[in-house]
Amino acid sequence: VEISPLTKIHRSNRDLVERFEPFAAGMEIGNAFSELNDPEEQRKRLKEQEAHRVVNDEAHPMDEDFLHAIETGMPPTGGVGLGI
């Protein structure tokens, strides 16, 4: 959760999140995850990330537009990014 604040908690193991990174020839070529769509949990995580931005410029900033989308009924989503 600490490094994947936008990701859902794993369905059967609460210590993990639903995320994977495909590798080829020992090199990461992508990043994929199930998007968290619980507005209360997402707000909590973004507040924690915002507090860390003082010492970690890679921490996620607060995103009120994204939270509004979740609160008004954003459907379950996922994401995949591939690098070549």
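In β5, Val 80 is the bridge partner of Ala 32. This is a predicted model. Strand β4 covers residues 30-34, and its pairing with β5 is antiparallel, over five bridges.

## The sheet

Which strands make up the open sheet, and in what order? There are three, arranged β1-β4-β5, with antiparallel pairing. The edges belong to β1 (19-20) and β5. Each of these has a single partner strand, so one side of each is left without a neighbour in the sheet.

On the β1 side, the pairing with β4 is again antiparallel and runs over two bridges. Here Arg 19 stands opposite Phe 33 in β4.

## A loop with a positive phi

Ala 25 sits in the loop between β2 (23-24) and β3 (27-28). Its phi is near 55°, a positive value in a residue other than glycine. Most residues other than glycine have a negative phi. Is Ala 25 buried or exposed? Ala 25 is exposed, because its relative accessible area is 88% and the cut-off for exposed is over 50%.

## Helix α2

Helix α2 spans residues 64-71. At its start, a side-chain oxygen of Asp 63 comes within 3.3 Å of the backbone nitrogen of Asp 65.

Which residues of α2 are buried? They are Phe 66, Leu 67 and Ile 70. Viewed down the axis of α2, these buried residues fall within an arc of 100°, so they line one face of the helix. The general rule is that an α-helix has 3.6 residues a turn, so residues three or four places apart point the same way. Among the elements covering the buried residues of α2 is α1 (39-52).

## The nonpolar core

Six residues form the largest nonpolar core: Leu 6, Leu 46, Phe 66, Leu 67, Ile 70 and Met 74. The largest share of this core, three residues, comes from α2.

What does Leu 6 touch, leaving aside its neighbours within four places in sequence? Leu 6 is in contact with Phe 33, Ser 34, Glu 35, Leu 36, Gln 42, Arg 45, Leu 46, His 60 and Phe 66. Two of these names return from the core list: Leu 46 and Phe 66. Phe 33 returns from the sheet, where it stands opposite Arg 19.

## From α2 to β5

After α2 comes Gly 73, with a positive phi near 110°. Pro 76 lies in the loop between α2 and β5 (78-82). Pro 76 counts as exposed, because its relative accessibility is 64% and exposed means over 50%. Pro 76 and His 52 are 24 residues apart in sequence. In space, their C-alpha atoms are 27 Å apart.

## Confidence

Which elements have the lowest and the highest mean pLDDT? The lowest is β5, at 75, and the highest is β2, at 91. Where pLDDT is low, the predicted coordinates should not be read in detail.

Definitions and conventions
Residues numbered from 1 in each chain as written. Predicted model: local features only at pLDDT ≥ 70, side-chain atom pairs only at ≥ 80, totals over all residues. Heavy atoms only, no water. Buried < 20%, exposed > 50% of the residue type's maximum accessible area, 1.4 Å probe, protein only. Helix = DSSP H or I, 4+ residues; strand = E, 2+ residues; numbered from the N terminus. Arc of directions from axis to C-beta. Contact = heavy atoms within 4.5 Å. Polar contact = N/O pair within 3.5 Å; in protein donor to acceptor, adjacent residues only side chain to side chain. Pairing = 2+ DSSP bridges. pLDDT = per-residue confidence, 0-100. Core = buried A, V, L, I, M, F, W, Y, C linked by side-chain atoms within 4.5 Å.
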